[in-house]
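I opened this notebook to record what I looked up in the model, entry by entry.

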Amino acid sequence: MGDVKLEHVTKRYDDVTAVDDMNMTVRDGEFVCLVGPSGCGKSTTMEMVAGLTKPTEGEVYIAGTDVTNYPPKDRGVAMVFQNIALFPHMDVYDNISFGLRLRDYDKDEIDRRVERAADIVQLEGMLDRMPDEMSGGQRQRVAIARAIVRNPEVFLMDEPLANLDAKLRVHMRTELQRLHKELETTIIYVTHDQAEAMTMSDRIAVIDSGQLQQIDPPLTCYNEPSNLFVAGFIGSPSMNFVDGTITDEGFESENFAVEFDPDEFGVEVGIDATLGIRPEDVHLAEYRESVTDPSATIDTITDVLEPMGDEIFVYLLLSEDAEIGMEAEETSDQLLMSVDPDSTISEDERVDVVLDRSRVHLFDTASGEAIQHGLVKPVQAEGVTETEAESDD
Ligand code: ADP
């Protein structure tokens, strides 16, 4: 059992609170990524699980045991760091087996474990290579094999792919997922790269300023972000945000309104609200027929276009007195829209767009907390009662 639990864990360095009252449970066998901007406390959290840093307050449990005061070697964890520290004068076999030899394991057991680990990370046939005869990706695999031979209950990985080039990083992501499937071990993985977290994890723990913001499966973080920080951090390019207020008719900002009945969703009238909409949920009004639940038309002017190959990002300027050729700074709001690569849209053009109301997010501007995801209630077929609908399979 390799579940990891942090209970009210805080770490202070003089006047810096690196981790602030963190409560988190990582289940046995789960792959959880800790994500957040640089300096948000990811590494410090990891070091406290590993036993390299002692919490100022709170407890760390591994497999049900309070390990807060245990040294690293007694915690059943193995760490893989960003900077791969292989011994340059030792071949792969000696590098992988170093820890086991130090602990006086017998030769057969060491051979068995090294062979299995080398097999898992696909380094068979390379055991007599020296580190300087290997690529960055191969060296990182040696570092992972060195962690595997210890049969840890929990793997802790701190940006292990950060020093690899982009192509290799994508390849190693797949390898790490395969490794996780094979070992069925708990993995806690630190990254500042939200795409890495989205693709690999069972759940993502989003951290900001030492505080846990949300821990959920990647798509839940994407579709139902708990607050403005998560909404802006998860997804690339970022979600659009527009400030406004909630009125009896719905959301109203300087340049557009999105109608809905606040009572129906229990949204308080009169509060300052921030509307969030992802670029893929902003559509050209001419295609409104294909949008799940289009808002009223919004007049915009196109600014910069970014063709990406499979889509085009279009920066839209919104202003009451919007004029073609005006600068982004002169407008009150902007929206980023993603359109089909075949679109004939050009820069400095007036275009009407609509938002998919089923994909609109609303946040309380003051607290940043999410108040509503989607402004469309599921429609129940007319004349069908709930019981009938449920039994109808
Ligand atoms: P991340 O891994 O998310 O980049 P860290 O956990 O490394 O963030 O750091 C969180 C905060 O704690 C930062 O403000 C950092 O400067 C501070 N910090 C980390 N380690 C120490 C230390 N040993 N002494 C003082 N401050 C530290």
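**Entry 1: F229 and F233**

I looked up F229 and found that F229 is partly exposed, because its relative accessible area is 23%, where buried means under 20% relative accessible area, exposed over 50% and partly exposed in between, with a 1.4 Å probe and protein chains only. F233, in contrast to that class, is buried, with a relative accessible area of 17%. I note for all entries that this is a predicted model, in which local features need pLDDT of at least 70 and side-chain atom pairs count only at pLDDT 80 or more, while totals for chains, interfaces and linings use all residues. Residues are numbered from 1 along each chain as its sequence is written, and side-chain values use heavy atoms, with hydrogens and water left out.

F229 and F233 are four residues apart in helix α8 (residues 228–233), so about one helical turn separates them; helices here are DSSP runs of H or I with at least four residues, strands are runs of E with at least two, and both are numbered from the N terminus.

**Entry 2: aromatic pairs**

I then searched the whole structure for aromatic pairs, and the search finds six. The rings of Phe, Tyr and Trp (its six-membered ring) pair if their centres lie within 6.5 Å, and planes under 30 degrees apart count as stacked, over 60 as edge-to-face and the rest as tilted. For F31 and Y189 I noted ring centres 5.8 Å apart and planes at 45 degrees, so this pair is tilted. F31 belongs to strand β3 (residues 31–35) and Y189 to strand β8 (residues 186–191), so that the pair links distant parts of the chain, 158 residues apart. Both F31 and Y189 are buried. Returning to F229 and F233, I recorded that their rings form a stacked pair, with 5.7 Å centre to centre and 15 degrees between the planes.

**Entry 3: charges over rings**

I also looked for charges over rings, a term that requires NZ of Lys or CZ of Arg within 6 Å of the ring centre and within 35 degrees of the ring normal. The charged end of R278 sits over the ring of Y222, 3.8 Å from its centre, and K5 lies over the face of Y61, at 5.8 Å from the ring centre.

**Entry 4: the ligand shell**

Which residues are around the ligand? I listed Y13, V16, A18, P37, S38, G39, C40, G41, K42, S43 and T44, taking a residue as near if one of its heavy atoms lies within 4 Å. By class the shell has five nonpolar, five polar and one charged residues; Ala, Val, Leu, Ile, Met, Phe, Trp, Tyr, Cys and Pro count as nonpolar, Asp, Glu, Lys and Arg as charged, and the others, Gly among them, as polar.

For distances to oxygen atoms of the ligand, I recorded 3.0 Å from a backbone N or O atom of G41, 2.9 Å from a polar side-chain atom of K42 and 2.8 Å from a polar side-chain atom of S43. The protein covers 58% of the 560 Å² of accessible area that the ligand has on its own, as computed by the Shrake-Rupley method with a 1.4 Å probe. The elements that give two or more residues to the shell are β2 (16–26) and α1 (42–50), and α1 gives the most, with three residues.

**Entry 5: backbone and loops**

I checked the backbone next and found a cis peptide bond between S236 and P237, with omega about -5 degrees; P237 is placed in the loop between α8 and β11 (240–247).

E159, although not a glycine, has a positive phi of about 45 degrees and lies in the loop between β7 (154–158) and α5 (166–183). E184 is not a glycine either, and has a positive phi of about 55 degrees; I located E184 in the loop between α5 and β8. Is E159 buried or exposed? At 11% relative accessibility, E159 counts as buried, whereas E184, at 64%, counts as exposed.

D342 lies in the loop between β18 (333–339) and β19 (350–355) and, at 64% relative accessibility, counts as exposed. D342 and E311 are 31 residues apart in sequence, and their C-alpha atoms are 8.3 Å apart in space.

**Entry 6: the whole chain**

Last, I noted that the chain has ten helices and 21 strands, that its C-alpha trace spans about 75 × 55 × 45 Å along the principal axes, and that 47% of its 393 residues count as buried.

Methods: Polar contact = N/O pair within 3.5 Å; in protein donor to acceptor, adjacent residues only side chain to side chain.
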